[in-house]
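Visitor: Could you take me through this one in plain words?

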Amino acid sequence: MTDARRVLSYLASVVFLLLIWWLLALIINNPGLPDPLKVFHSLVEKGWPELARHMYVSTYRVLGSLALALVVGVPLGLLAGRQPLFDAFLAPLVYLLYPVPKVALLPVAMVLLGIGDSTRMLVIFMVVVNQILITTRDAARKIPPQLLLSVASLGAGKFSLYRQVVIPACLPEIITAVRISLGSAISVLFLSETIAGNSGLGYYILDGLFRADYGAMFAGILAMALMGLVLYILLNFLEYLLCPWHRL
C-alpha cells in the first residue's frame, strides 16, 4: 500500500468514527454525550492550553514507563529465550507474578512512593514489562538453530550472535509487544491518574465529569485517543526504520 493510500485510509477511519459518534449523540440526545462539534468547540474555546499541559504529563508518563519496561524486559527476554537454565529460573517468577492484578498494588505504591509520577509509572511498568519479556523470550526461542550455527561457523562470538542474529530476528515481535503494551499502559494510566492526583488526562476527564462539563470531559477522552494514535503511528514508523526487510 502506498503512503498516500495509507493516509487516506487513516482519514477515512477517523471520519467514520466521528460519524458514528455524531449519530449516537443525535439518537441518544443527552448532555452526557455531546456531539463532536460541541466537543471541538469546547476544546478550542476554553480547554486547549490546560488540556495540552495534561496531555504532555500523560504522554511522558506512558513513554517513560514503556522505555523502562523495554530496558528491563528485552534483555531478560533475550537471555531467557537463548539460555534454558536462566529461563528455568526466571519463568516461575514471571508466571507467579504475571496473574497478580498490578493495579491492586497502586495503593501500596502510593504509601511507599507518594502520589507523584514515580508511583504511576511504576504501576504501568509492572503491567507492561511481563508482556514485553514473555514475547521477547518466545521470539528468541523460535530462532532456527541452523541459522545461529551458520553464523557461528563464520567466527561470530556470543555477543555478535546476539547483535547480528538474535536481536534483528526478535525485533518485529518486540515492536508488536510494545504496540500491545501501549494499550494496557494507557488504560492503567487513566486509572492511576483518577486517584489522588491533579495532573494528567485521567484527572482532566474525571474533573470534567464532576463539574458536569461534558464538553471538557469528552475533549479529554479525545486527547487520550489522539495520544494513543500518535504513539501507534510512531511505532509503525520505528518498525519501518528498524525492520526494512518487512517492506520486501
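**A chat about the chain**

Visitor: What do residues 218-238 look like, helix or strand?
Guide: Over residues 218-238 the chain is 100% helix and 0% strand, with the end C-alpha atoms 30 Å apart. Helices (H or I, at least four residues) and strands (E, at least two) are DSSP runs, numbered from the N terminus.

Visitor: Where does this model come from?
Guide: It is a predicted model, in which local features need pLDDT of at least 70 and side-chain atom pairs count only at pLDDT 80 or more, while totals for chains, interfaces and linings use all residues. Residues are numbered from 1 along each chain as its sequence is written, and side-chain values use heavy atoms, with hydrogens and water left out.

Visitor: Which residues does UniProt list as "transmembrane region"?
Guide: The unreviewed UniProt entry lists 7-28, 62-81, 93-115, 121-140, 186-206 and 218-238. UniProt positions are in the numbering used here, feature names are shortened, and annotations may be inferred rather than shown by experiment.

Visitor: And residues 62-81, how far apart are the end C-alpha atoms?
Guide: They are 27 Å apart, and residues 62-81 are 100% helix and 0% strand.

Visitor: How many helices and strands are in the chain?
Guide: The chain has 9 helices and 0 strands. From the N terminus on, the elements run α-α-α-α-α-α-α-α-α.

Visitor: Tell me about helix 5. Where does it bend?
Guide: Helix 5 bends by about 30° at Val128; the bend at a residue is the angle between axes fitted to the seven residues ending there and the seven starting there. Helix 5 covers residues 117-141, 25 residues, and reaches 36 Å from its first C-alpha to its last, close to the 36 Å expected at 1.5 Å a residue. The expected span is 1.5 Å times one less than the number of residues.

Visitor: New topic. How is the chain divided?
Guide: It is divided into domain 1 (1-30) and domain 2 (35-243), with bounds from an automatic or database domain assignment. Their centres, taken over C-alpha atoms, are separated by 26 Å. In domain 1, 5 residues are in contact with 8 residues of domain 2 (contact means heavy atoms within 4.5 Å).

Visitor: What does Leu24 touch?
Guide: Not counting residues up to four places away in sequence, Leu24 touches Asn29 and Leu33. Leu24 lies in helix 1 (residues 3-28). Leu24 counts as partly exposed because its relative accessible area is 43% (buried is under 20%, exposed over 50%, partly exposed in between, with a 1.4 Å probe and protein chains only).

Visitor: And Ala104, where is it found?
Guide: Ala104 is in the loop between helix 3 (84-97) and helix 4 (106-113). Its relative accessibility is 52%, so Ala104 counts as exposed.

Visitor: What share of the chain counts as buried?
Guide: Of the 248 residues, 40% count as buried. The C-alpha atoms fill a box of roughly 70 × 50 × 30 Å, taken along the principal axes.

Visitor: Last one. How many disulfides does a search find?
Guide: A search of the whole structure finds 0 disulfides, a disulfide being a pair of cysteine sulfur atoms within 2.5 Å. Cys170 is in no disulfide, and the nearest cysteine sulfur, that of Cys243, is 11 Å away.

Visitor: Are those two cysteines buried or exposed?
Guide: Cys170 has 0% relative accessibility, so Cys170 counts as buried. Cys243 also counts as buried, because its relative accessibility is 0%.
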